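Here are my notes on the model. Please read them with the structure open.

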Amino acid sequence: MAALYTGVCLCLTGVLVQIKGQVLYDYSSGTEVTLQTRSVAVSVPGGQKFPFFGQFYDTFYVSKDGVIGFNPETRFIAGKIYSFEREKYSNELEDYPFIAPFLYGGAPLQSLFSTGNKIYGGKIFHQLLSNANGGSRDLQQIGSFINDAFIGVYNFTPSYGLLVTWKNVTDEYQLNIARCDDDTRPCKKNTFQAVLVTDGIHSFALFNYEQTAIQTNPSYQAGFNAGYGRGWAEAMPSSKLQNAANLQGSNITGRYLYKIDKERIVTGGCNGDRTISPNGHLQVTPGFAGMLGGEMLEVSGPCLEPRDRIFLRFGTESAYSQCIMVNSMKARCPVPMLLERGEVKVSMSFDEKANFHYDANMLIVHPSRMPGSTKVKLHDNGPGRRWNETTASVLTLSWNPDLLSTDPQAHVDINFVGFIENTKTYQAGWNKRITLNQRTVRVGEKSYSFNASEVFCDDECFDYEVGVVEVSLTDVSKAAQRRVLLSAVVPMGWIVNSKMLGKYGSNWQHAMCVAWYEKDRQDMRWMERLEYCPCNLQQALSDFGRWQTDVGCNLYSDSPTKCRFHLGAVHCVRAVQPSRSPDDAGNQCCYGHDGQLRFAADTFQGSTPDRSHDWGAAPYVKPGLVPSLSHWLQDVVTFYYCCLWTDYQDCDYYMDQRGTRDCSGYSPPKQAMVFGQSNVVTFEGQRYHICGEGDFVLLNSSSVKIVGRFQKSPFHSQYNKSVILTAVGIQIRQEVVEIKLKGPEVDRSTRTLDVVVNGEFHYFDKGPRRWKDFEESAVVNSDDRANTKESNFTVIVKNGVGIQVAEENDMLSLIVMIPPHFMSSGLLGSWNNNSADDLSPANGGAPLVNSQPKQVYEQVVYSWAIDRKSSFILPFPIYAKNNSVLCGTVPGPQPSCRSDSACDYDLWSTGNAFLAQRTLQFSQRYQELKNELKPVRSCGLLDVPRSIKDNYNYSLGSTVTIQSCRIGHVTGKTQYTCTDEGGGVQEWSPPVTASCQVASSEKSLEDGAIAGIVIAVVLILLVVIVLTIVCFRRREKSKNAKSPDSKNPLQSEPYESRYETSLPPGGQKYKTEASV
């Protein structure tokens, strides 16, 4: 390492020693190139492969044009400018992969100057480095430099490399136009170098510039081209390239570094322009963090100095963390506790928060989506030793020491951190820390137990209801992956118990429940503005644009604890979007084994809406809008007060305030599909196929546009009678999402689809990264978690449109779901209950009916083709032709296809019976969706409060019998049928007269509210008058703690945040499925 920076001990560092004051590695042992052709081939040694931009290559092609290509045709093309936008106008057939330290029109080597007989003296050298040819020390030296220069890279050891040097080269303009001759007209010359190294998995490029005198223009560039329409990444702008030799790209002037194995190119080193304007780009790893914070980030951007005071600023709330400098090229910074999720802006200051000149976006993940292995475990050791009780004796927590530090003797602090929302100041925050450790605790202890009664909580505790437990390193310099580990959110019952006893007496949970009830009921209009629940499970599963799976209760989980807080349910969904501001509420709908919606009025385990959406609401950070935490305050801790801490005796208060939003106003979406060999089924069920190559508008609306690319299969050349869907481009206002089939020429071992958002590749390979929120949409990896191929994605648009793109059998399928009243046009038709106009030309001409494939293509499909005047969504557009020869006539129906035209077409065009049968299944799935999404007529809840029924099916034609009452006894008629009253109206017949009458000795809900308040007041007075009685009651309370008798759900992952514990059925008023 020392030799790399200082140049000392030259005898020990091998050929590529870094000499002080020089940026180039020694190339004197390299092979000089005399190019008689466009490029010279250099094979990768030992049959190895070089990973670049998601693909593996076995041959380099060194060009006079300042590039190392992976195709012999790679060259400089005059006037061509590589960029994300300009790519869209390029011809994919001439788009070759290459690495360009300086892409330019290089003058031919050994050519004569235009005057005299002198030969142009530019030279090119190349040299392979490997352990076999004595290059091991050089590779070690380069590897050490890379480990120092890159964030997230620690033990990189290259197995081979390629060094290419362009020495005193000039361009054709200098020779042929400026007519330089190195005598009277000196040529402007460049000397630069590219070093490529890899270990077979990770690969890096070092660009070294000694001299850059050639006058640049926009087509002279430095960067990385993936080739074949897969993208371009700029290494530096052309304006900077002109002066690259004099600028600082690392701790060595003129040297720039890049990680290049994956589709997202990562810049290493640092930028010597510390006060760049506009702001420079900050590199951050890992690219995501949990909302509760604690992770240690590595960051790089400006070149750092020992005197710097480095801070990171996070998001709209301006949360800060102080960083420690690793070296001049990178720093480490802990993530603070945040109040927002999604893409969050992170900015760096090196002058103690005075200025911020570098920034980046990173993904902040909802707490429930972070893996349980990264959390503090709160132990359930039985009654009196549970964290979610109102009293506790000894409590225990544990943690993974390896995440915190490699030093087992490092000290940690253990605190309870309280969260609060102040509606008066409209502020929210983590404003309370309560020390839990009574002695010095070390990382290596792995766990800690303490006496809960010894924890001191001051008078401010009254204002706090929920929080988390943190284990925090006292010395950040000793942090490994995390500086802080945090638990799941828990109620503060045992912390505030003594204060509550003093204020409200032994029945303080009841008093808190009643107080919440009286306050919450003052304005319930938000309930009326919620999305209606889907009527049945199939609708809930299919309406993926508006509803998504609840992580704690779903059909796909094999966890033995799934749905444990929705007993009797098999699946729950949550509304994707919060209701409109200022409500910002959410809805949750749960379904039983019969597929019917479960109502809160029928079971404590039913569907309950959320006053604050569990996923939060933009702009977040404010009361009622903070993901998870606002939901805890509004909907979860109140469930503890009224249900879990009162043996469910007050749970009716909660259920009255969180009654199920029924499905009486629910309108299902409609679907359109593309599958198989370009088979299309429109929103109104019109079927046809696209029989020509090109980019076509599938859906066009004021807010969303979908373009599909259709090509002959790049995998199976024998399927030459038809085309398949190979890419989908989605534009949502200014946001563009591309989902593209990875072709046979690239590596498909880990992903079969590329996802590009606003020109940047995104990965969805890790649990917290499977869901990413962007400005206008969310992109979700919909694959089964056991499938790591990234082959199925769902795009969820804020207006309720859902788009699913999946790869199977080397082709794409597409499902688009649109909500009611969504107006659109395009090749997927429109939703107007009229299939006759689905095949309408883009110019508004008359729709075709019962036409042949060629006529449909030429008159309708072609009219929706992207042309040169169109705005592009997918780069490298394929322009359709209006004379497709692929629109052949399919022979008669085949028995195996069961009269399905799509199956017949695919069998004829491919000859593959298996593919045809898969197409048949897709076709049948469309019909199944159509049936499942038919509107369900429902009479809504049979509203007989506190009753027990024989079933909970409230749809048209169903009969429900009132069997008994949980409180009181049944009066009135007990059997009702949901009947059709005509005109699309359905009602319960006979009119509902049943009720649960309560004897005078029994307390009604309203009486209970009044009595609770009176009792609370009396108890307060008693506390003031007779302190000894209060103390006695405290002792009695500690003996009889309110303890939810169950396994602690804080230890299970994934978990549903509403119900953190449950009681045995005997303690419930509402019967569960088992007791019913």
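1. How many residues does helix α7 have, and what does it reach from its first C-alpha to its last? Helix α7 (residues 508-520) has 13 residues and reaches 18 Å, close to the 18 Å expected at 1.5 Å a residue. The expected span is 1.5 Å times one less than the number of residues. Helices (H or I, at least four residues) and strands (E, at least two) are DSSP runs, numbered from the N terminus.

2. The model is predicted: local features need pLDDT of at least 70, side-chain atom pairs count only at pLDDT 80 or more, and totals for chains, interfaces and linings use all residues. Residues are numbered from 1 along each chain as its sequence is written, and side-chain values use heavy atoms, with hydrogens and water left out.

3. α7 is mostly covered, with ten of its 13 residues buried. Buried means under 20% relative accessible area (1.4 Å probe, protein chains only). Among them are Trp-508, Trp-516, Tyr-517 and Asp-520.

4. Helix α14 (residues 913-932) has 20 residues and reaches 28 Å from first C-alpha to last, close to the 28 Å expected. Its buried residues include Arg-918, Phe-922, Tyr-926 and Glu-932. Asn-912 caps the N-terminal end: a side-chain oxygen lies 2.9 Å from the backbone nitrogen of Phe-914.

5. Four strands form an open sheet in the order β17-β19-β23-β22, with antiparallel pairing. Strands pair if DSSP finds at least two bridges between them. β17 (283-285) and β22 (324-327) stand at the edges with a single partner strand each, so one side of each lacks a neighbour in the sheet.

6. Three bridges join β17 to β19 (residues 296-300). Gln-283 stands opposite Ser-300 in β19.

Technical notes. Buried < 20%, exposed > 50% of the residue type's maximum accessible area, 1.4 Å probe, protein only. Polar contact = N/O pair within 3.5 Å; in protein donor to acceptor, adjacent residues only side chain to side chain.
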